[in-house]
Amino acid sequence: MPIPQVRGSCLCGAVEYAVAAESGSFQYCHCGRCRKTGGAAHAANLIVPAGEFRWLRGEEHVVQYVHEEATRFCNAFCRTCGSKLPWTTRDHRWVVVTAGTLDDDPGTRPLRNIFWGSRASWYLPPADLPAFEELPPRKK
């Protein structure tokens, strides 16, 4: 029985893809490269076998920056809106899906944090912070 496909896209909608998310490994990466390319404390990546991923439209809008010194890193993004997008590993065996671009629930949840020793010095786990459904009330 085939694994259900979920869809993802960039912010402007020029790029769309489908992935069998339940076939992958979901993790948060705290390495410095992921922090710099994402502008966040960590990347949320779903790593799936290459055969479980396909572009639905707009692949020609995807631009890649390949860091020459890194064997397991790439920064792919939409040339129009700049959204981070999935990329294929150099050995073409895996696709790293940027989970923030998924439009559907992937049916799986993060399993681990990797490169924890490289995490940002200012990082606090979300559970340690107050949560608001929308913007917090203004301070008077």
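Two strands are taken to pair if DSSP finds at least two bridges between them; helices (H or I, at least four residues) and strands (E, at least two) are DSSP runs, numbered from the N terminus. The model is predicted: local features need pLDDT of at least 70, side-chain atom pairs count only at pLDDT 80 or more, and totals for chains, interfaces and linings use all residues. Residues are numbered from 1 along each chain as its sequence is written, and side-chain values use heavy atoms, with hydrogens and water left out.

**Figure 1. The open five-stranded sheet.** The strand order is S9-S10-S4-S3-S11, with mixed pairing. Strands S9 (87-88) and S11 (112-114) stand at the edges with a single partner strand each, so one side of each is left without a neighbour in the sheet.

**Figure 2. Isoleucine 114 and the pairing of S3 with S11.** Strand S3 (residues 25-29) runs parallel to S11 and is joined to it by three bridges. Within S11, isoleucine 114 is the bridge partner of cysteine 29. The C-alpha atoms of these two residues are separated by 4.9 Å, although isoleucine 114 and cysteine 29 are 85 residues apart along the chain. Isoleucine 114 is partly exposed, with a relative accessible area of 21% (buried means under 20%, exposed over 50%, partly exposed in between; 1.4 Å probe, protein chains only). Leaving aside neighbours within four places in sequence, isoleucine 114 is in contact (heavy atoms within 4.5 Å) with Gln27, Tyr28, Cys29 and His30.

**Figure 3. Threonine 98 in strand S10.** Threonine 98 belongs to strand S10 (residues 94-98) and counts as buried, at 8% relative accessibility. Beyond its neighbours within four places in sequence, threonine 98 is in contact with Tyr17, Ala44, Asn45, Lys84, Leu85 and Pro86.

**Figure 4. The largest nonpolar core.** A nonpolar core is a set of buried Ala, Val, Leu, Ile, Met, Phe, Trp, Tyr and Cys residues joined through side-chain atoms within 4.5 Å. The largest has twelve residues, including Tyr17, Phe26, Leu46 and Val97. Strand S2 (16-19), S4 and S10 are the elements that give two or more residues to this core. Another core, of ten residues, lies apart from it, with Cys10, Val15, Ile47 and Val96 among them.

**Figure 5. Lining of the second largest pocket.** The lining includes Cys34, His42, Lys84 and Thr98; on a 1 Å grid over the protein atoms alone, a pocket is an open set of points where a 1.4 Å probe fits, with protein on both sides within 12 Å along at least five of seven lines, and lining residues have an atom within 4 Å of a point. Strand S4 gives the most to this lining, with three residues.
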